[in-house]
Amino acid sequence: MHGFGDVRFFDRFARAYDFVMPSARRAPLREGLALAERDVERVVDLGGGTGRAVRALDVDRPLVVDASRGMLRRAVAHGLDAAQADAATLPLRDGTVDAVIVVDALHHVPDRQAALAEAARALADGGVLVVRDFDPGTLLGRLLVSSERVMGMDSTFDGPDALARLVADAGLDAAVLDRGFGYTVAGVKRGSQ
Ligand SMILES: C[S@@+](CC[C@H](N)C(=O)[O-])C[C@H]1O[C@@H](n2cnc3c(N)ncnc32)[C@H](O)[C@@H]1O
């Protein structure tokens, strides 16, 4: 696994994470999941850390996948199923998942294209990928980019349109759902008809 400076940061920060972070916003995630063209039962929270995002949703037995053992320990303490993996090599069989959410995490992943391709591979036809991230073109986004640089992180931020293109490149029907400092992009997997 490479580029794991950010993951080491989250390993160290894991115990404090849930105390300092506000709850994840449920509405944009729900809006994204509603685009699925199948029942949404098997949900993966990718780069899910302590499971903060998926805990904001009403999902039965989600799986949190993350590279940080420390963050996953917290997810397990919350009663969630967890698997340690790099987002670019998911331990999931093809077409076995109804939805993948990636919240505040994709900008930390060194190979974002590989991670999106893996999410698309794991989705069943009609399944949906929902990504929430931060727009580096906004004022707050610029501040965040600088702060993460100062903290020594290797993060790379895409704006909503650039991310929608990456999601489309992964073979999904992509759409920007909302814009702002935090924004949402979704991609639906449409099987070959
Ligand atoms: C800011 S936290 C977000 C966690 C969670 N999604 C949330 O909304 O609270 C970023 C997460 O991305 C994870 N991460 C960073 N690089 C990763 C990679 N290559 N593969 C999997 N997870 C990664 C970190 O370990 C961390 O848990």
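This text describes the surroundings of the ligand and then a strand hairpin. The model is predicted: local features need pLDDT of at least 70, side-chain atom pairs count only at pLDDT 80 or more, and totals for chains, interfaces and linings use all residues. Residues are numbered from 1 along each chain as its sequence is written, and side-chain values use heavy atoms, with hydrogens and water left out.

The shell around the ligand holds 21 residues, the closest being Y17, G47, R52, D66 and V103; a residue belongs to it if one of its heavy atoms lies within 4 Å of the ligand. By type, twelve of the shell residues are nonpolar, five polar and four charged (Ala, Val, Leu, Ile, Met, Phe, Trp, Tyr, Cys and Pro count as nonpolar, Asp, Glu, Lys and Arg as charged, and the others, Gly among them, as polar). Helix 1 (residues 5-20) supplies the largest share of the shell, three residues; helices (H or I, at least four residues) and strands (E, at least two) are DSSP runs, numbered from the N terminus.

An N or O atom in the side chain of D66 is 2.6 Å from a ligand oxygen. The backbone contributes as well: a polar backbone atom of V103 is 2.7 Å from a ligand nitrogen, and a backbone N or O atom of A87 lies 2.9 Å from a nitrogen of the ligand. The protein buries 98% of the 590 Å² that the ligand exposes when taken alone (Shrake-Rupley method, 1.4 Å probe).

Elsewhere, strand 6 (residues 173-178) pairs with strand 7 (residues 182-188) in the antiparallel sense over five bridges; pairing requires at least two DSSP bridges. D173 stands opposite V188 in strand 7. Three residues separate the two strands of this hairpin, and G180 in the turn has a positive phi of about 145°.

Definitions and conventions
A polar contact is a pair of N or O atoms within 3.5 Å; within protein, one must be able to donate a hydrogen and the other to accept it, and residues adjacent in sequence count only if both atoms are side-chain atoms.
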